[in-house]
Amino acid sequence: MEEGELSPQLELHEGEEIVEVIELNPNQQPQEEDDLLNDVEEEDDDDGEWETEDDENMEVVRDDSDLTFSRHTKAVFCLSLDPKSNSLAVTGGEDDTAFVWRLADGEVLLECTGHKDSVISASFSHDSALVVTGDMSGLIKVWKVETKEEIWSFEVGDLQWVEWHPCAHVLLAGTDEGSCWMWKIPSGECKTLSGSGCQATCGKILPDGYRAVIGYEDGTVRIWDLKQGLQLHLVKGKDGHQGPLTCLAVNDTGSLVLTGSVDCTAKLLNPLTGKVVAVFSVPNNTKECVDKEQMEDTESNSNSVESVGFCRVLPLVAVGFLDGTMVIWDIPSQTVRHKWQLQAGIVQLLWEDHSPIIYTGSLDGAVRIWDARSGRMEGECCGHAAEILDFMVNKEASTVVTASGDQTAKVFYLQRPDR
């Protein structure tokens, strides 16, 4: 896409920040655990099966994978690698089960059973000692990897997400009714962040360990002080999104937050001030998503931001859309660096830790690898017979692990020249 096709617009937010809304042509395709929790005021099975994207018509052209994990009996919804060694994976699925298994040979080390519904969240603690699994019904379990035993469980309302504190055995979870729960593991000391009456759709603990950013179904974003249990900032109205939040990301220093929404925009926020720094916008194929009432009309609004992320070595952000559009923006100039139009919708994107290489997982079952400097596709990982639902890249960027609606997880060893 040529820069001449862009139509920048300038907006001012409360007289502080100059915000450039870049529209693309729609016709183109660590803190201690006790300190964290002290002084914070406490406040059925689904019979339908996961329907894969064009399941009957999707054919596997080739299988590039080096290992296929086939213990799940239904769609595999979530995936995480252990952060310490990157040698273990945990996957959770529609079969109400999670498995901890070894990447080298697929051997199961721990089968996490007892869930009442699809396991939609599964991840390792910062030290790889514990695994949390959470299902749609709200049942959350924590397992000790070394002893292969369940050490804690708790049940909340319908669960949206659960994640670990970056440097402590503390969990934060978001629910359908809007409350977010925080627990110290394994003691189970429990505190809550008051709900807004709508789903807490996504959330992250900031790198300082003291604050969290949480996005909601009503388009608002809240910054919370976890120690005090207080709301520090509320982004709403003109500054907020005009539809439910779908995703968010935080940069390594915690100085910037990037949020994505059904309204087809991504917003860059300063969590210290709660101010919007920039708005990145791509119009919907049929019309812009700006009216909250339109969010309810799925026929007229089929596009949305599905994944966002910060480059760790250059001042770039990536935004992936359900219609297959992916855009790389330069943060200082707020201009488009690259735009790609994929044939299938983007489910997730991830940046490498040590280079400006980005990976996209799509509804066509492939993970593609892109160089954000040149704009070229460097490779792809194919082999799934249904959509990618989650994927991870190891720290050395030598292995991609995927989870799919085809009931499998796959391991791909990447062999390409040093970049």
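## Starting point: strands and pairing

Let's begin with two terms: two strands pair if DSSP finds at least two bridges between them, and a strand is a DSSP run of E with at least two residues, while a helix is a run of H or I with at least four, all numbered from the N terminus. With that in hand, look at strand β3 (residues 67-69), which is joined to β34 by three bridges and runs antiparallel to it. This is a predicted model, in which local features need pLDDT of at least 70 and side-chain atom pairs count only at pLDDT 80 or more, whereas totals for chains, interfaces and linings use all residues. Residues are numbered from 1 along each chain as its sequence is written, and side-chain values use heavy atoms, with hydrogens and water left out.

## The chain as a whole

What does the secondary structure come to? It comes to one helix and 34 strands. The chain has 419 residues, and 58% of them are buried; buried here means under 20% relative accessible area, exposed means over 50%, and partly exposed is in between (1.4 Å probe, protein chains only).

The chain exposes about 17600 Å², with carbon and sulfur atoms supplying 44% of that. Accessible areas come from the Shrake-Rupley method with a 1.4 Å probe, and for residues only the protein chains shown count as cover.

## Around strand β34

Back to β34, which covers residues 409-413: four of its five residues are buried, so the strand is largely enclosed by the rest of the structure.

β33 and β34 form a hairpin with four residues between them, and Gln-407 in the turn has a positive phi of about 80 degrees.

## The β4-β5-β6-β7 sheet

Now for an open sheet: four strands in the order β4-β5-β6-β7, paired antiparallel. β4 (76-81) and β7 (108-112) are at the edges, each with a single partner strand, so one side of each is left without a neighbour in the sheet. From one strand to the next, the twist averages 15 degrees (axes are lines fitted to C-alpha atoms, for helices over the stretch in contact, and angles run from 0 to 180 degrees between N-to-C directions).

Five bridges join β4 to β5, and Cys-78 stands opposite Gly-92 in β5. Their hairpin has six residues between the strands, among them Asn-86 with a positive phi near 55 degrees. Next along, β5 (residues 88-93) is joined to β6 (residues 98-102) by five bridges, and Ala-89 has Trp-101 in β6 as its bridge partner.

## A second open sheet and the core

Another open sheet of four strands has the order β24-β25-β26-β27, again with antiparallel pairing. β24 and β27 stand at its edges with a single partner strand each, so one side of each has no neighbour in the sheet. Its twist averages 15 degrees from one strand to the next. β26 and β27 pair over six bridges, and Asp-330 has Thr-335 in β27 as its bridge partner.

The largest nonpolar core has 20 residues, and those with the most contacts inside it include Leu-258, Phe-310 and Trp-329. Among the elements that give two or more residues to this core are β24 (305-310), β25 (316-321) and β26 (325-330). A nonpolar core is a set of buried Ala, Val, Leu, Ile, Met, Phe, Trp, Tyr and Cys residues joined through side-chain atoms within 4.5 Å.

Most residues other than glycine have a negative phi, and most peptide bonds are trans. Gln-334, in the loop between β26 and β27 (335-341), has a positive phi near 55 degrees and is buried, with a relative accessible area of 10%. Ala-397 lies in the loop between β32 (388-393) and β33; its phi is positive, about 60 degrees, and Ala-397 is buried at 13% relative accessible area.

There is a cis peptide bond too, joining Ile-185 and Pro-186, with omega about 10 degrees. Pro-186 is in the loop between β14 (180-184) and β15 (190-193).
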